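Have the structure open while you read.

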Amino acid sequence: MEFLGYLRPDGRVGIRNHVFILPASVCAADVSRIAASQVQGAVTFHNQNGCSQVKADQQLTMDVMAGYAANPNVYGTVIVSLGCENCQMDLVEAAVRERTSKPLQKVIIQEAGGTIKAVEQVVRLAQEMVRQAGLLQRQPCPLSRLIVGTECGGSDPTSGLAANPLVGQLSDLLVDEGAASILSETTEFIGAEHILAKRAANREIHDRLFDIIHRYEKSLQLVGEEVRAGNPSPGNKAGGITTLEEKSLGCIHKGGHRPIMAVYDYAKQIETTGLVVMDTPGNDPSSVAGMIAGGAQVVVFTTGRGTPTGNPIAPVIKITGNKLTYAKMEDNIDFDASPAIYESGSMPRLTQELLVELIEIANGKLSKAEALGMVETAIARVCNYV
Amino acid sequence: MNNAMIIEPEDNVAVAIEPIPKGEAACYVLPDGTPCRITVIENITIYHKFAVHDIAKGEKIVKYGEHIGEAGAFIPAGAHVHEHNVISVRENLDDRG
């Protein structure tokens, strides 16, 4: 099975052809936003970080920045920095270069001489880049070239009954085609980790699964907090999810049934095929960002309550198993998985339909979130700013 | 017409897939095809859980064939099972000893 993608000079395959204006810190976010609004085909995100962070937090931010720039959906990147931030231009440039050889330009606001001059420079560089990007043609590529992120957000009990099992079927199918599928959201392994650990391909991966969960819980306990304080959310509970364990047991269905071949830290480049785990928060935009920074060209996202989540770099395909939510929020949701609950034996048909939707969106059909301009990004963090 | 679902045969809760008013029958099918029927004793909101048999205080609540918590009070068959009568318990599931 094939999709139509853009071959990149680093050998990877994209399903979008964006020019990425990358703010190296919060102080460059507005220049990036203003410049991106001037250039058709340019994308950016509001980077809240990039300065005044402890080392561990700065690393998470650097990995998301470099990973976004290296994501194969990006043709090329214009990095914008203020000039004095912790995420210095040379550091960001080196982090991007470590991951990709694609076109790269840079603008430092303090050297350009302020906002207006910096915006002008960024616009000119991005304008030239989008013009060149337009020359690229899509080519047939095997499904094995895809890295697909999976996520659930605003979950309710239908997530565990229909949408997540359906995504699990899709994940199995993609893995069998030689693609990579990412299971994420470490907080939502809690109570289900023994099931995942049994699926680890080897002892090291088995131990790593337990370790990332213990590490996550401990990092919250260090500041006197507990994961259950905000998880399940009020919406999860109103929908009928009672405990974090119940949520987790529904959540892990997204990972299908194949062995877990690797465990990646947040936003690290996915190099393995097959089913892999990434250590991400349960918070949707930051988990989605981590997987896209890891190279996912597309994210399949299940919801019970209905969420608008999108991303500037990659399409986010929204699926619900809740028939009421689909009827109410069809503007935001791409796929109705509720027949999995109401029509016995419908899963194989739904899996094929979802695969067709995935391939169409890979080929260029806009996801509903893309069509509505949903581009939120959050970045995982360890502690407060310094 | 089924208005509820049970996931694993050992589960002690089922999920309403339609709103089920108090006093009405919840109908669902076990994975082996056996039809079941139980009268709910409270209104059950769509996609919420109810007990399929009496659950003693302290007994594990089982869904997906796994523990999702512990009964904080006696839960009679047909009762709504949610935050008011379930306690989340962090079990040690690490099999490394």
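## Around B:Glu24

Leaving aside residues up to four places away in sequence, B:Glu24 touches B:Ile38, B:Thr39 and B:Val40. This is a predicted model, by the way. You'll find B:Glu24 in the loop between strand E2 (13-16) and strand E3 (25-29) of chain B.

As for B:Ile44, which sits 20 residues away along the chain, its C-alpha atom is 9.9 Å from that of B:Glu24.

## Where chain B meets chain A

On the chain B side, 25 residues are in contact with 39 residues of chain A. The two chains bury about 2,700 Å² between them, with carbon and sulfur atoms giving 56% of that. B:Tyr47, B:Arg90 and B:Arg96 stand out: they supply 28% of the area chain B buries against chain A, more than any other three residues.

The chain B residues touching chain A split into twelve nonpolar, four polar and nine charged.

Over in chain A, three strands make an open antiparallel sheet in the order E2-E1-E7. Strands E2 (13-14) and E7 (139-142) each have a single partner strand, so one side of each has no neighbour in the sheet.

Strand E1 (residues 2-7) pairs with E7(A) over four bridges, and A:Phe3 stands opposite A:Cys141 in E7(A).

Definitions and conventions
Residues are numbered from 1 along each chain as its sequence is written. Chains are lettered from A and ligands numbered from 1 in the order in which they are written. This is a predicted model: local features need pLDDT of at least 70, side-chain atom pairs count only at pLDDT 80 or more; totals for chains, interfaces and linings use all residues. Side-chain values use heavy atoms; hydrogens and water are left out. Two strands pair if DSSP finds at least two bridges between them. Helices (H or I, at least four residues) and strands (E, at least two) are DSSP runs, numbered from the N terminus. Contact means heavy atoms within 4.5 Å. Buried area is the accessible area (1.4 Å probe) that two parts lose on being put together, summed over both. Ala, Val, Leu, Ile, Met, Phe, Trp, Tyr, Cys and Pro count as nonpolar, Asp, Glu, Lys and Arg as charged, and the others, Gly among them, as polar.
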